[in-house]
Amino acid sequence: MVSANKEMVVYCFDTLVAHYTSEEAPPPAFDEGQHALRDRRFPPIQAKELPFLECTVSILTDYETANDYLDWEVGMHGIIIEFTDPDYNTRRSATYLPEVAANEGWTKIEAIDSLIRKAGYNGPITESLRKSIQLTKYQSTLFTMHYGEYVSYVKQTRGEAPSIVATKLGT
């Protein structure tokens, strides 16, 4: 099983730094799942924000079909819900990573109801709707690094002084 690790987070920061310095990012030190790092839900990161960033890689694992919408544990499982919108007869889906419900302090039902809204459903949330949900639960491994730790890592492993990284960014 692939676990989130330091090299994956370093690659994320390398990609961000390369974007702002118009250089090519070093190749990743891992082979698994190299995908684009774009998420249109959020505004683009500005170069001046890099020193304040923390980057987390989450690798999703152990997918299981749940018996019902309550067959999962807050803080342990991420969940994917799928259901048919009774008003428009369209399929809807949404997901939360394992840490989301716990960080928000939600019960299982609060998390499910929030996901129903996240999926774009605006009608009344009934027990019947909840029972119609097909739920997939999963787990994840996480690795988090602050930008300052990244700069130290680059200095240690590549012999590049942290000030050079900062200078390249104009910070």
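**A guided tour of the predicted model**

The structure holds six salt bridges, where a salt bridge is a side-chain nitrogen of Lys or Arg within 4 Å of a carboxyl oxygen of Asp or Glu. This is a predicted model, in which local features need pLDDT of at least 70 and side-chain atom pairs count only at pLDDT 80 or more, while totals for chains, interfaces and linings use all residues. Residues are numbered from 1 along each chain as its sequence is written, and side-chain values use heavy atoms, with hydrogens and water left out.

**First stop: salt bridges**

Select D14 and R158. Their closest N and O atoms are 2.6 Å apart, and the two residues form a salt bridge. This pair links distant parts of the chain, since D14 belongs to helix α1 and R158 to helix α5 (residues 147-158), 144 residues apart. Helices (H or I, at least four residues) and strands (E, at least two) are DSSP runs, numbered from the N terminus.

Are these two residues buried or exposed? Buried means under 20% relative accessible area, exposed over 50%, and partly exposed in between (1.4 Å probe, protein chains only). D14 is buried, at 5%, whereas R158 is partly exposed, at 38%.

Select D113 and R130 next. These residues form a salt bridge, with 2.8 Å between the closest N and O atoms. Here too the pair links distant parts of the chain: D113 is in helix α3 (residues 108-118) and R130 in helix α4 (residues 127-131), 17 residues apart. D113 is buried, with a relative accessible area of 19%, and R130 is buried as well, at 13%.

Then select D85 and R92, a salt bridge whose closest N and O atoms are 2.7 Å apart. D85 counts as buried, at 2% relative accessibility.

**Second stop: two cysteines**

Select C12 and C55. The rule applied here asks for a pair of cysteine sulfur atoms within 2.5 Å. The sulfur of C12 has its closest cysteine sulfur in C55, at 4.0 Å, which is too far for a bond. The count therefore comes to zero disulfides under the 2.5 Å rule. Both residues are buried: C12 has a relative accessible area of 12%, and C55 has 14%.

Most residues other than glycine have a negative phi. Select S22, whose phi is positive, near 55 degrees. S22 lies in the loop between α1 (6-21) and β1, and counts as exposed, at 70% relative accessibility.

Move on to D62, which is not a glycine but has a positive phi of about 55 degrees. D62 is placed in strand β1 and is partly exposed, with a relative accessible area of 41%.

**Last stop: a surface patch**

Which residues form a nonpolar patch on the surface? Select L60, Y63 and L97, which together have about 250 Å² of accessible area. Such areas come from the Shrake-Rupley method with a 1.4 Å probe, and for residues only the protein chains shown count as cover. Patches are made of residues with over 30% relative accessible area and no salt bridge, with like charges joined within 9 Å and nonpolar side chains (Val, Leu, Ile, Met, Phe, Trp, Tyr) within 5 Å. Y63 is found in strand β1 (residues 54-65) and is partly exposed, at 47%.
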